[in-house]
Amino acid sequence: MKISRTELMRNNWPRVRFPVVICVLLVSAFPVLAVDELAFLVTADPHFGYRSDESLNVANIQAMNTVGASASSTPRGVLLAGDTTHDGTQSQWNTFQYHYPLSGGMGSEQVHYPVYECTGNHDREEISGDDSVPVDGVISRHGSLLYSWDWEGVHFVSLDLYPTQENSAWLENHLANSVSQPDTPIVIMSHYGYDEIYSRSWWGNWNSQSAAFLDVIDGYNIIALIHGHIHGSFHYVWEGYDVYTPGSPKVEGEKNSFGLVAIEDDVFTWTEYFWTLEGEISVDWTDQKTIVSPEPMTINLLGVGLLVLSRKKGAKH
Ligand SMILES: [Zn+2]
């Protein structure tokens, strides 16, 4: 005889309490994700110093502030995926810091939300000679080039330029020590991404380093890999992981857009907002998904639950 779970709970509770209790306990030990409400902004590649005036950067910031102010949940911060400066100089870094203060600022040309940035190739030696001002700057603002933070049960990691062998080794250790629940949703930010056209050739050795990175994140609940560098906005899937990249304010006519991410309960929504120097803001594209636990966990839980039920049932007959 087949009965629904509701009927089982309502009518047969006293007779089947043992297996049901076990199943409930198993499920409660690994709760389905329920982030109350979380929002954050994502931008990249401001390249401060590229132009003599910062009107495009200011327009990007003002558009983020406008969208943030009308979001259903106040953004907790701004993720900025690298290339803070164009040449890595002190004056460019100072300009970046003015517009993107660590804790956000209330000036009309300042982003109003706390800032979580990583460096990009333009911030590094290969572009700026021996100048490592943004590298030192990120370390002084966040304690390290590799750092993490938590918002509403979601774990965020900044992996800096990209998942190098060393960065993946750090990540492996970090996740093992910081993520105790297998369901914990994780967002990883870097400058280079995973796309074939713009990103892979910038990795030191794509094949071995991407394989090491995949090994490290396997089994974790990675809900988004976020990157910059390509100055275009895309959502694509790499090896089963959702990858997102926002636009850039560097050049007018490039993809001048940024992302607003909203997570409510188990629904993740990325909305990419396009803006113009004239102050117009419009939705460019949206991607929405339901956050699910890594598959092995779901299957194991179901498997164990069903096994307990069927064994108990079998014993009765
Ligand atoms: Zn760039």
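## Two helices side by side

A helix axis here is a line fitted to C-alpha atoms over the stretch in contact, and the angle between two axes runs from 0 to 180 degrees between N-to-C directions. With that in hand, let's look at a pair of helices in this predicted model. Helix α7 (residues 165-178) packs against helix α8 (residues 206-217) at an angle of about 5°, and their axes are 9 Å apart. Angles under 35 degrees count as roughly parallel, so α7 is described as roughly parallel to α8.

Which residues in α7 and α8 meet? From α7 come Q165, S168, L171 and E172, and from α8 come Q209, A212, F213 and V216.

## One face of helix α4

Next, have a look at helix α4, which covers residues 90-99. Its buried residues are Q92, W93, F96 and H99. Viewed down the axis of α4, these buried residues fall within an arc of 125°, so they line one face of the helix.

What covers the buried residues of α4? The cover includes α3 (55-70) and α6 (133-142).

## The largest nonpolar core

The core has 59 residues, and V78, L79, V187 and I226 touch the most other members.

Setting aside neighbours within four places in sequence, I226 is in contact with V42, L79, A81, V187, M189 and Y244. Two of these partners, L79 and V187, are also listed with I226 among the residues that touch the most other core members.

## Two residues with positive phi

Finally, here are two backbone details to check on your screen. Most residues other than glycine have a negative phi. D160 is not a glycine, yet its phi is positive, at about 60°. You will find D160 in the loop between β5 (154-158) and α7. Is D160 buried or exposed? D160 is buried, with 27 other C-beta atoms within 10 Å.

H231 also has a positive phi, near 50°, in a residue other than glycine. H231 sits in the loop between β7 (221-227) and β8 (234-238). A residue is buried if 20 or more other C-beta atoms lie within 10 Å of its own. H231 has 20 C-beta neighbours inside 10 Å, so H231 counts as buried.

Methods. Residues are numbered from 1 along each chain as its sequence is written. This is a predicted model: local features need pLDDT of at least 70, side-chain atom pairs count only at pLDDT 80 or more; totals for chains, interfaces and linings use all residues. A residue is buried if 20 or more other C-beta atoms lie within 10 Å of its own, exposed if 12 or fewer, and partly exposed in between; C-beta atoms are placed from the backbone. Helices (H or I, at least four residues) and strands (E, at least two) are DSSP runs, numbered from the N terminus. The arc is that of the directions from the helix axis to the C-beta atoms. Two residues are in contact if their C-beta atoms, placed from the backbone, lie within 7 Å. A nonpolar core is a set of buried Ala, Val, Leu, Ile, Met, Phe, Trp, Tyr and Cys residues joined through C-beta atoms within 7 Å. Angles under 35 degrees count as roughly parallel, over 145 as roughly antiparallel, 65 to 115 as roughly perpendicular and the rest as oblique.
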